[in-house]
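Hello,

Here is the structure I said I would pass on. My notes on what was found in it follow below.

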Amino acid sequence: MAPLIAIFSVLFGLAFGSFLNVCISRLPRHTSIVSPGSRCPACGTSISPRDNLPLLSWFLLGGRARCCNWKIPVRYPLIELATALLFVLCYLTFGLTLTTAGMALFCFLLLGLAAMDAEFLLLPDAFTLPGIILGILYTGIVDGVRAAAWSFVYALLAALLILLVRGGYWLVRRREGMGLGDAKLLAMIAAWLGPEQALLVFFLGIVSGAVFGLLAAAMMHICRSAYPDQVPIRHRALPFGSFLCAAALYAIFAGAQTLKWYLHFFH
Ligand SMILES: [Zn+2]
C-alpha cells in the first residue's frame, strides 16, 4: 500500500507542478491562470496534451517547443520535479494524514512564491493572501478554534516584525530592503508553522540571503575583469522572499529538530 501511495504522491506532485508553472508565468504578468489553456509563451500556439506532460515532454522535446523551437526554460521541468519530490516527502514524513495534505499545499505555495520572487522580484497577493487564510484554516482544522485565533495573531506579529525591520533599514540606508510582499509572506509562514518556526525561518532567511549576497559579490569582484559592464551586486535587489521560502521548506521537515537542538544549549 505505502509504495503505491508514494507513487500516487509523485504523480499528484507532477500535475500540481505543471499547474504551478502556469501560475509562475502568468500571475506576475497579471494574466488569468485558467484561460486561455496551455499556450506556448513565445508564439501563443496552444499546446497539445502529448506535449504538455509534466517533466516527460520537456525531455521528449529536447527542451524546445514544437511550434516555434522556443527554448523552454529549465525552470519548467525543475518546478515539476521539485513539487513531486516535496509531495512525496510530505507523505513519507507525515504519513496518510491531514498534515500531509496541508503541508503539501503549503509547499506548493512556497515553491511558487520562491520562483516568482527569484524570476520577477514579486510575491503576488494571489498567493500570499489566500496562503495566510489557508494557514489559519489549516491550524483551526488540526488544532481547534483557539489555535486558529492565535494563528491569526502570529500572522499579524510576523508582518509587524518585517515592517519594523523594513522601517529600520529605511532609516539607515534610505532605500527599501524588504518589501510588503515579504511581510505578507512571513505572515503566511507564521500562520502555518507558528511563532517559534516563523522566527527560525526569519533568521535562516536572513543568514542564507546574506551569505548568498556576499558570495555573489565576491564572485562578481573576481569576474569583474571578464565582465566589466556588469551591474555591481550591491545595486541589485536580492529576492529575500525566495530565501524565506527555502527556509520555510526546510522548517517543515527539519524545523522541530533544529529548534530542539538550538534550545538544548539553554538547559
Ligand atoms: Zn511556440
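The largest nonpolar core has 61 residues, and Cys107, Leu186, Ile189 and Ala248 have the most contacts inside it. Such a core is a set of buried Ala, Val, Leu, Ile, Met, Phe, Trp, Tyr and Cys residues joined through C-beta atoms within 7 Å; buried means that 20 or more other C-beta atoms lie within 10 Å of a residue's own, with C-beta atoms placed from the backbone. Helix 4 (98-120) gives the most to this core, with 12 residues. At least three residues come from each of domain 1 (1-93) and domain 2 (97-267), with bounds taken from an automatic or database domain assignment.

This is a predicted model: local features need pLDDT of at least 70 and side-chain atom pairs count only at pLDDT 80 or more, while totals for chains, interfaces and linings use all residues. Residues are numbered from 1 along each chain as its sequence is written.

Cys107 touches Leu86, Cys90, Leu249 and Ile252, leaving aside residues up to four places away in sequence; contact means C-beta atoms, placed from the backbone, within 7 Å.

Between the domains, 16 residues of domain 1 are in contact with 15 residues of domain 2. On the domain 1 side, helix 3 gives the most, with 10 residues. Helices here are DSSP runs (H or I, at least four residues), numbered from the N terminus.

Helix 7 covers residues 180-193, and 13 of its 14 residues are buried. Just after helix 7, Gly194 takes a positive phi of about 90°.

Regards

How values were computed. Helices (H or I, at least four residues) and strands (E, at least two) are DSSP runs, numbered from the N terminus. The expected span of a helix is 1.5 Å times one less than its number of residues. A residue is buried if 20 or more other C-beta atoms lie within 10 Å of its own, exposed if 12 or fewer, and partly exposed in between; C-beta atoms are placed from the backbone. Two residues are in contact if their C-beta atoms, placed from the backbone, lie within 7 Å.
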